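Student: I've got this one open on my screen and I'd like to talk through how its side chains pack. Can you take me through it?

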Amino acid sequence: MSLIPPHSLVTEFLAQEQIASFIGGTWYSSKSTIPVIDPTSGEVVASVASAEASTVDQAMQAADKAFPEWAAMPVSERAALLKRFADLIRENLETLAQLESIDVGKPIENSRGFDIPFGADCFDYFANLSNEAEYTVPLEVNDIDAHVQRKPYGVCGFIFPWNFPFTLFCWGTAPALAAGNTVVVKASEVTPLATLYLGNLIKEAGIPDGVINIYTGEGRACGQPLAEHSLLKHMSFTGSPQIGKLIGKICGEHLVPCKLELGGKGAALVTQDADLQAAAEGLAGAITLNTGQVCCTATRWFVHSSVLDTFTQLVRAELEKTAIGSSMDEKTQMGPLVSETQYDRVNDYYKKGIAEGAKVVVPLTTPTTTNNAGYFIKPHLLTGDEDNICYREEIFGPTAYIVPFEEEENAIDRINRLSYGLANSVWSKDLDRATDLAGKLIAGNSWINAHNVFAYGLPYGGVNLSGLGGGVNSPETFYSYLRNQTIARPL
């Protein structure tokens with residue numbers, strides 16, 4: 001194992017007695033702190049300020065104060081500041097990538113190659129989109145001169161999860177900021193490091209104080225007060241359906257628009273004419289990406305009975321050659337689970353699944369190369385009936401449940417019975433057939449001969465238990481952060 005040396009700015013940032021909240025362009029400490037644990041070693045690497053309701057109020061007041069100036073700023077100037085911010089993210093790629101990998105446990109090559117640069121691209125995309133957008137739309141109405149003006153809402157609140165903290169920060173805040181809103185962000189208390197570091201770059205980019213505010217802390221203490229705050233004009237939550245329902249209820253009571261990006265239990269349909277090697281590689285890669293801690297991961301594999309044995313052998317070979325190790329080893333393909341809590345959760349699901357009758361295809365074991373440090377497990381597979389807990393519930397680990405099928409229509413029906421609806425995939429060499437099958441799946445996203453397909457301009461969102469209020473990464477997302485105001489004059 002050959003670990004990369006920590007960047008000097010990473011060492012300096014982590015060495016602080018308390019990594020503070022970033023509010024109104026200033027760093028604010030708190031009375032209490034939260035330890036940040038490196039899941040590779042299980043050791044505490046930093047302490048961050050633990051926000052309370054008073055912190056939330058301070059952040060909301062700062063965002064509300066900054067809103068009029070930010071909203072009134074010429075679109076081209078606002079876009080230029082966001083593009084400068086994107087450039088600074090790229091200039092600080094290594095620092096941010098190391099912080100993200102240390103924090104989440106994801107391989108450094110993933111952070112360098114996807115999370116950080118793709119996040120920077122997000123600010124460019126929405127900055128460019130804001131320059132091209134129509135903010136005044138004429139209406140053709142008999143005997144009335146009328147048009148619609150599109151205006152920002154005001155203060156937008158965001159609660160982000162721990163699995164892709166940096167990417168989701170960018171996906172969430174970039175369209176809101178580009179549309180002229182100000183933001184208050186509750187970063188995950190489990191993985192807040194790279195997000196908090198952005199405070200330095202926000203200042204350097206010249207973004208006015210109070211436009212972006214970031215804090216972290218326990219959800220009940222500083223997440224709920226955000227959703228309940230009287231200055232909140234728009235809310236976005238990414239996380240579990242259980243908490244999403246609570247956030248939605250709060251926003252409903254206050255009549256605040258709310259976007260919920262929730263969990264998933266994605267299915268993959270592998271037909272008898274699929275390229276089995278490609279399917280094995282793609283689906284093995286799906287459950288090992290970020291150690292399976294991905295909302296849209298395919299965790300139910302419907303495989304045609306005639307190719308089941310061959311596919312299983314191929315995917316087992318792919319999983320066995322996955323390089324598991326430290327997040328800071330450039331050869332690592334899959335790191336640890338994010339926390340001891342998540343480690344226990346995945347192990348518990350595995351045991352419950354077997355107790356309910358599931359059969360083991362690839363067992364859950366601990367890699368010997370890690371010397372039992374950190375929260376490491378190997379990817380694993382189960383098979384069985386559809387009453388099993390591992391078939392029904394989102395596990396959030398490197399695991400999948402294999403279900404053989406004979407008739408495609410029957411498989412489609414079984415896939416659609418589950419109430420999740422984030423992302424599914426179809427694997428077939430017949431593209432017309434694959435397109436037809438993909439269209440029959442009830443989900444926000446149906447992918448063909450691939451799983452986890454992301455690009456700016458390609459909408460991403462869920463239905464049913466996987467969320468509501470729209471997706472991310474598209475023009476529709478940008479316009480969702482602009483309220484419509486009709487101006488009309490009788491002729």
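Student: How many aromatic pairs does a search of the whole structure find?

Tutor: Keep in mind that this is a predicted model. Searching the whole structure for aromatic pairs gives a total of 21.

Student: Take Phe114 and Phe118: what kind of aromatic pair do they form?

Tutor: Both sit in helix α5, 4 residues apart, so about one helical turn separates them. Phe114 is partly exposed at 28% relative accessible area, while Phe118, at 12%, counts as buried. Their ring centres are 4.9 Å apart with 25 degrees between the planes, and planes under 30 degrees apart count as stacked. So the pair is stacked.

Student: And Trp171 with Phe454, how far apart in the chain are they?

Tutor: Their ring centres are 5.6 Å apart and the planes are at 50 degrees, so this pair is tilted. Trp171 belongs to helix α6, whereas Phe454 is in the loop between β18 and β19. The pair links distant parts of the chain, with a separation of 283 residues.

Student: Of those two, is Trp171 buried or exposed?

Tutor: Buried means under 20% relative accessible area. Phe454 has 25%, so Phe454 is partly exposed. Trp171 has 7%, so the word for Trp171 is buried.

Student: Which residues touch the most other members in the largest nonpolar core?

Tutor: That core holds 81 residues. Its largest share, 10 residues, comes from helix α5. In general, nonpolar side chains tend to be buried together in soluble globular proteins.

Student: Why do the buried residues of α13 lie on the same side of the helix?

Tutor: The buried residues are Gln342, Val346, Asn347, Tyr349, Tyr350 and Gly353. They're on the same side of α13 because the arc they cover around the axis is only 155 degrees.

Student: What covers those buried residues of α13?

Tutor: Turned away from the buried side is a face with the exposed residues Thr341, Lys351 and Ala355. As for the buried residues, the elements covering them include β14, β15 and α14.

Student: What span should α13 have?

Tutor: The helix has 16 residues, counted at 1.5 Å a residue.

Notes: Residues are numbered from 1 along each chain as its sequence is written. This is a predicted model: local features need pLDDT of at least 70, side-chain atom pairs count only at pLDDT 80 or more; totals for chains, interfaces and linings use all residues. Side-chain values use heavy atoms; hydrogens and water are left out. A nonpolar core is a set of buried Ala, Val, Leu, Ile, Met, Phe, Trp, Tyr and Cys residues joined through side-chain atoms within 4.5 Å. Buried means under 20% relative accessible area, exposed over 50%, partly exposed in between (1.4 Å probe, protein chains only). Helices (H or I, at least four residues) and strands (E, at least two) are DSSP runs, numbered from the N terminus. Rings of Phe, Tyr and Trp (its six-membered ring) pair if their centres lie within 6.5 Å; planes under 30 degrees apart count as stacked, over 60 as edge-to-face and the rest as tilted. The expected span of a helix is 1.5 Å times one less than its number of residues. The arc is that of the directions from the helix axis to the C-beta atoms. Contact means heavy atoms within 4.5 Å.
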